Amino acid sequence: MFPLVDVGELATGGSFLIVAPHPIDELLGCGGLIAEATQRGLPVHIVMLTGGAGVLRALRDMPLRDIRRVDVLRRAETLTAIARLGGGAAMVSFLDLPEGALAADGFAFGIAVDVVAAMLRQRSAGILLAPSDADPHPDHGAAAHIARAAARAVASPPRRLAYAVSGSPGHAGHAPPRAGIAVNVGVHAARRHWALEAYRNVSGTMEEQGHAVSHPAQLRRIVARPIECFFTPED
Ligand SMILES: [Zn+2]
């Protein structure tokens, strides 16, 4: 178990910037932290790397009009979820980069690094949160590399922390994280559950996106955790 840290103490270095590969990852990985920081009036911003229906298009051969509808729906779900955590629409930037291709698409990767670095400078972010680079989902691993590259590109690098989208710290084939912190978020369980309900259509799309955890019962268990853990990246 990592040491329990007060969110207010964490924030002494500046604001929080969260890199989320897909809608719902921010809730599963750091929904409690978002709720706690927002309740205390601490600045939090989320960079949603992808948000569209790229994978759905490939899988279902969707016409453009339907893809746009899925884009709009998923964006609305994210904004509703953030509102239910106590935040506002201005807290999220949607980059609409191609889903499933963050690691392979050098152009998209470069844009994401530039945007995250610009936000780190603009917001004097002290804490940068992203998934772990051991996360087997290629978009999640890419998000970890994007966070690392962006942190290296700024004059005052933030403290980097990794969050677990699956709710569990370790990933198959990787050593468990050695260092990290824990945040007590039990008081926000109801808010997180309410936020999860905003993602009405998510279990199907999560499976299609290649998320290891997608069953509604698993998702409910993740948002019910009394403690959220954040790990110190090894690099
Ligand atoms: Zn994801």
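Me: A crossover counts as right-handed if, with the strands pointing away from the viewer, the path from the first strand over the helix to the second runs clockwise. Which elements make a right-handed β-α-β unit here?

Reply: β4, α6 and β5 do. Helices (H or I, at least four residues) and strands (E, at least two) are DSSP runs, numbered from the N terminus. This is a predicted model, in which local features need pLDDT of at least 70 and side-chain atom pairs count only at pLDDT 80 or more, while totals for chains, interfaces and linings use all residues. Residues are numbered from 1 along each chain as its sequence is written.

Me: How do β4 and β5 run, parallel or antiparallel?

Reply: Parallel, with 5 bridges joining them. Two strands pair if DSSP finds at least two bridges between them. L129 stands opposite L161 in β5.

Me: Is β5 mostly covered or mostly open?

Reply: Mostly covered, as 4 of its 5 residues are buried. Buried means that 20 or more other C-beta atoms, placed from the backbone, lie within 10 Å of the residue's own; exposed means 12 or fewer, and partly exposed is in between.

Me: What about the whole sheet? What is the strand order?

Reply: The sheet is open, has 7 strands in the order β3-β2-β1-β4-β5-β7-β6, and its pairing is mixed. β3 (92-94) and β6 (180-184) stand at the edges with a single partner strand each, so one side of each has no neighbour in the sheet. From one strand to the next the twist averages 25°.

Me: Which strand is β6 joined to?

Reply: β7 (residues 227-231), through 5 bridges, and the two run antiparallel. I181 is opposite F230 in β7. On β5, Y163 also stands opposite F230, and 2 bridges join β5 to β7, again antiparallel.

Me: Which strands does α2 lie across?

Reply: Helix α2 (residues 25-39) lies across β1 (15-20), β2 (44-48), β4 (125-131), β5 (159-163), β6 and β7, at about 165° to β1. Angles run from 0 to 180 degrees between N-to-C directions, and axes are lines fitted to C-alpha atoms, for helices over the stretch in contact. Contact means C-beta atoms, placed from the backbone, within 7 Å. Helix α6 (residues 138-152) packs on the sheet too, touching β1, β4 and β5, and makes about 155° with β4.

Me: New topic. At what angle do α7 and α9 pack?

Reply: Helix α7 (residues 189-198) and helix α9 (residues 216-223) pack at about 145°, with axes 9 Å apart. R192, H193 and L196 of α7 meet L219, R220 and V223 of α9.

Methods:
Contact = placed C-beta atoms within 7 Å.
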